[in-house]
Amino acid sequence: MCIVLVAYRTDDNFPLVVAANRDEYFARPSLAAHYWTDSNQIFAGRDIEAGGTWLGVTRGGRFAALTNWTGNDRAKNSSASRGWLVRDFLQTDSSCEAFIRELNGAAYQGFNLLVFDGQNLVHWSNRTSVQKVFEPGFYGITNTNFTNSWAKTRAGVDMITQVKNRHDVDSLIQMLRRHTKTDDMSGAVEPEQQESPCFVFGETYGTRASTAVVFDDKRIFFKEQQYGPGARRGKFVYECIPVEGENLQ
C-alpha cells in the first residue's frame, strides 16, 4: 500500500473506516481480494510472488495493512517479504501489542504496519520502533514516518475527514481517486516519493487497487476496485463479511 487513510472511532456505529490505495509495478502478479483457500478466515488480495498481502480482514474482525518505507536504509540480508506481516497477523489470535512484541523488524525492508484486533488499532514501523496505540481520530499513513507532512498525507486526511458519506464504500472508492496527477512515474528511482499523489497514473507503475473497508459492530463491508496501466478500471470486488464471535468493541 502507498496510502492508508483511517477514521478510527469517529462514529459510535462504525469503529473503523479505512480507505487505501495500493501502488505497485503492474508486472508483479497478484490476486484480487478473496477468501483464501489455505486460510479461509482471511479475506484479502494476495501477492503471488511471495504469498503475502498488503491489506486484509478476517471473519473474526481483524484488520491489517502495510506500506513500504521510502529510503536508502535497506535492511541487510532481509529475506522476509513484508506482505507476510499482514498475513501472519490475520492468521493469529494475538493482540496487536503481543504480535508486535514478537516481530523481528531487522528481517524486513522498511515498513509501516497497521493492525486492528477488534479492540485496539496500533501502528508500528521497523524504522522507528515506536508503537502507537491510536486514539479516536483521522489518520494517514504513507511511505515514511507516521508524523510526516507529505502532501498526499495532508490531502488524504483532509479528504477522509470531509467526505460526505464516510461509511459508504462506494463514496470512499471515489474519494481515493481525487488527489491525482497524470504524470507517468514509471521511470522514477523511488516511485513512492514525497511529491507523489494519493492516486498514481502510470504505464508500468501506478495505483493498482483502491480498497474501502468499513466496520460496524457485526459486519465488515469490503470493496476493492482494481486498475490496470493508465488507471484503466479493471475487476471490482464487493463482500459483506459477518463478524463471527463477539461483536466488535
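**Ring pairs, a sheet and a helix**

Let me start with the rings. Tyr8, Phe116 and Phe215 are linked into a cluster by ring pairs. Keep in mind that this is a predicted model.

How many aromatic pairs does a search of the whole structure find? The count is 13. Take Phe116 and Phe215. Their pair is edge-to-face, 5.5 Å centre to centre, with 85° between the planes. Phe116 lies in strand β7 and Phe215 in strand β13, residues 205–215, so the pair ties together parts that are 99 residues apart in sequence. Both Phe116 and Phe215 are buried. Next, Phe199 and Phe201. Their ring centres are 5.6 Å apart and the planes stand at 65°, so this pair is edge-to-face. Phe199 and Phe201 are buried too.

Now the sheet around β7. It is open, with seven strands in the order β3-β4-β5-β6-β7-β8-β9, and the pairing is antiparallel. Which strands stand at the edges? They are β3 (30–35) and β9 (132–133); each has a single partner strand, so one side of each is left without a neighbour in the sheet. Further in, six bridges join β6, residues 63–68, to β7, residues 111–116. There, Asn68 stands opposite Phe111 of β7.

On to helix α1, residues 83–91. It lies across β4, β5, β6 and β7, and runs at about 170° to β6. Its buried residues are Gly83, Leu85, Val86, Arg87, Phe89 and Leu90. Their cover includes β4, β5, β6, β7 and α2 (96–101).

Last, two charges over rings. The charged end of Arg62 sits over the ring of Phe89, 4.0 Å from its centre. For Arg22, the ring is that of Trp54, and the distance to its centre is 3.8 Å.

Conventions
Residues numbered from 1 in each chain as written. Predicted model: local features only at pLDDT ≥ 70, side-chain atom pairs only at ≥ 80, totals over all residues. Heavy atoms only, no water. Pairing = 2+ DSSP bridges. Helix = DSSP H or I, 4+ residues; strand = E, 2+ residues; numbered from the N terminus. Contact = heavy atoms within 4.5 Å. Axes fitted to C-alpha atoms, helices over the stretch in contact; angles between N-to-C directions. Buried < 20%, exposed > 50% of the residue type's maximum accessible area, 1.4 Å probe, protein only. Phe/Tyr/Trp six-rings, centres within 6.5 Å; stacked < 30°, edge-to-face > 60°. Lys NZ or Arg CZ within 6 Å of the ring centre and 35° of its normal.
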